[in-house]
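Please keep the sequence and the three-dimensional view at hand while reading.

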Amino acid sequence: MSHTTGLPERNEWRKIVAPYQKSSALRSGFQVVNSIGPYLALTAFNFWLAPQAPLLAALLAVLTAGFMVRIFIIQHDCGHGSFLKKKRSADMLGFLCGLITFTPYLYWRRSHNAHHASSGNLSSRGIGDIKTATIKEYESYSLARRIWYKVYRNPLFLFVIGAPFQFLILHRLPDAHSVDWHKERRELFVHNLILLTIVTALLINFGFATTFLAYFLPMWVAAAVGSWLFYVQHQYEDAYWEHNDDWNYTEAAIKGSSMYKLPKILQWFSGNIGYHHVHHLTPKIPNYLLEQCHNNHKMFEEAPTLTILSSIKCAFLSLWDEDRKRLISFSEYRRMRAEHAA
């Protein structure tokens, strides 16, 4: 897909999306109730169920994880200021959601805003993104770094191991780039202290096995699913990557964020995040208005469309080919190298 097709100028699309940049206290409140309420009920039930029927509890953890993903979207919208009109209320709700999703609210918000400001910019990678190397960068790596990058980009590692490790461990630790993030680091400390208190109380009262099934397993599944959603909406063959001089915010939003078509039930659990191109163009739209905004304006048809079936291929794309402007797999890279050598 070409990155040069015509899209409205910023002053034009701002007028188009303006009517949707309004949260509804009623709709937001209802979403809090139908997301956090079931999560708490399922978690409590699973603590009772796990000692008696661990296999059933493990299956129920998958449903609980669905509500965790939905709660993460609420936290996400609070961070963008699109969920509630009052910032203080949004920040309080976002912090509480973060305790459920194992994500420090203020710290994550700042990193995520950096992702929005530089998504698709090859010159500004590094904060809030999944690491993506260009072919030239990969070829310049040492052998050890190449091996690590291959391990990192392996789907099994990225989603089954790396994702829960990110939420359980790395979200507890400040990064080197956040030395001056004093407010965010203080919130991170408080967040960790509360989580430590919760986990300690659960382990003392219920033991490790029950706590794992009822509390940690849903997080594990939710982390894997949430990381996949984030990955697939920016990592596809015809994605958008440009250096500073050629990078364009509008094109990066609509061409560099996929339209991920999901069954209605999965769309509900994922808080309409499949309309990621709309969200990246204007993060001030609450999740429950993204679909309506997409359906009402033709410019959003420019976004690449993925289905669950077609997105599977994306899991194996690992290197950005700057010459052909597309993501390729390691196997395709090896074929290119072999053809070049011949």
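The model discussed here is a predicted one. Asn272 has a relative accessible area of 12%, and it therefore counts as buried. This residue is placed in the loop between helix 11 (264–269) and helix 12 (276–281). The phi angle of Asn272 is near 60 degrees, a positive value in a residue other than glycine.

Most residues other than glycine have a negative phi. Phe102 belongs to the loop between helix 4 (87–101) and helix 5. With a relative accessible area of 2%, Phe102 is buried.

## The largest pocket

How many residues line the largest pocket? Its lining is made up of 44 residues, and those nearest the centre are Gln166, Phe167, His171, Ser227 and Phe230. Two or more lining residues are given by each of helix 3 (54–80), helix 5 (105–118), helix 7 (143–153), helix 8 (155–168) and helix 9 (182–232). The volume of this pocket is about 1,300 Å³.

Helix 8 supplies the largest share of the lining, namely eight residues. By class, the lining of the largest pocket comprises 25 nonpolar, 16 polar and three charged residues.

## Helix 8

Helix 8, the main contributor to the pocket lining with its eight residues, consists of 14 residues. From its first C-alpha to its last, helix 8 reaches 19 Å, which is close to the 20 Å expected at 1.5 Å a residue.

Where does helix 8 bend? A bend of about 40 degrees occurs at Gly162, and the proline Pro164 follows within four residues. Both Gly162 and Pro164 are among the buried residues of the helix, together with Pro155, Leu158, Phe159, Ala163 and Phe167. Phe167 is also one of the residues nearest the centre of the largest pocket.

## Enclosed cavities

The model contains two cavities of 30 Å³ or more. The largest cavity holds about 130 Å³ of space. Its lining has 14 residues, of which His115, Asp129, His234, Gln235 and Trp241 are the closest to the centre. Helix 5 and helix 9 are the elements that give two or more residues to this lining. Both helices also give two or more residues to the lining of the largest pocket. The lining of the largest cavity divides into six nonpolar, seven polar and one charged residues.

The second largest cavity has a volume of about 30 Å³. Its lining consists of His116, Ser119, Trp247, Tyr249, Ala252, Ala253 and His280. Helix 10 (residues 249–255) provides the largest share of that lining, with three residues. Four of the lining residues are nonpolar and three are polar, while no charged residue takes part.

## Cysteines

How many disulfides are counted in the model? The count is zero. A disulfide requires a pair of cysteine sulfur atoms within 2.5 Å. The closest cysteine sulfur to that of Cys97 belongs to Cys78 and is 5.8 Å away, so the two are too far apart for a bond. For Cys293, the closest cysteine sulfur is likewise in Cys78, but it lies 20 Å away and is therefore too far for a bond.

Are these two cysteines buried or exposed? Cys97 is buried, because its relative accessibility is 0%. Cys293 is buried as well, because its relative accessibility is also 0%.

## Separation in sequence and in space

Two pairs of residues show how sequence separation and spatial distance are related in this model. Ala61, in helix 3, is buried because its relative accessible area is 0%. Ala61 and Leu42 are separated by 19 residues in sequence and by 8.3 Å in space, C-alpha to C-alpha.

Ile135 lies in helix 6 (residues 135–140). Its relative accessible area is 12%, so Ile135 is buried. Between Ile135 and Thr250 there are 115 residues of sequence separation, and their C-alpha atoms are 26 Å apart in space.

Conventions
Residues numbered from 1 in each chain as written. Predicted model: local features only at pLDDT ≥ 70, side-chain atom pairs only at ≥ 80, totals over all residues. Heavy atoms only, no water. 1 Å grid on protein atoms, 1.4 Å probe; cavity = no way out; pocket = protein on both sides within 12 Å on 5 of 7 lines; lining within 4 Å. Points joined across faces, edges and corners; volume = space filled by probe spheres on them. Nonpolar A, V, L, I, M, F, W, Y, C, P; charged D, E, K, R; others polar. Buried < 20%, exposed > 50% of the residue type's maximum accessible area, 1.4 Å probe, protein only. Expected span 1.5 Å × (residues − 1). Bend = angle between axes of the 7 residues up to and from the residue.
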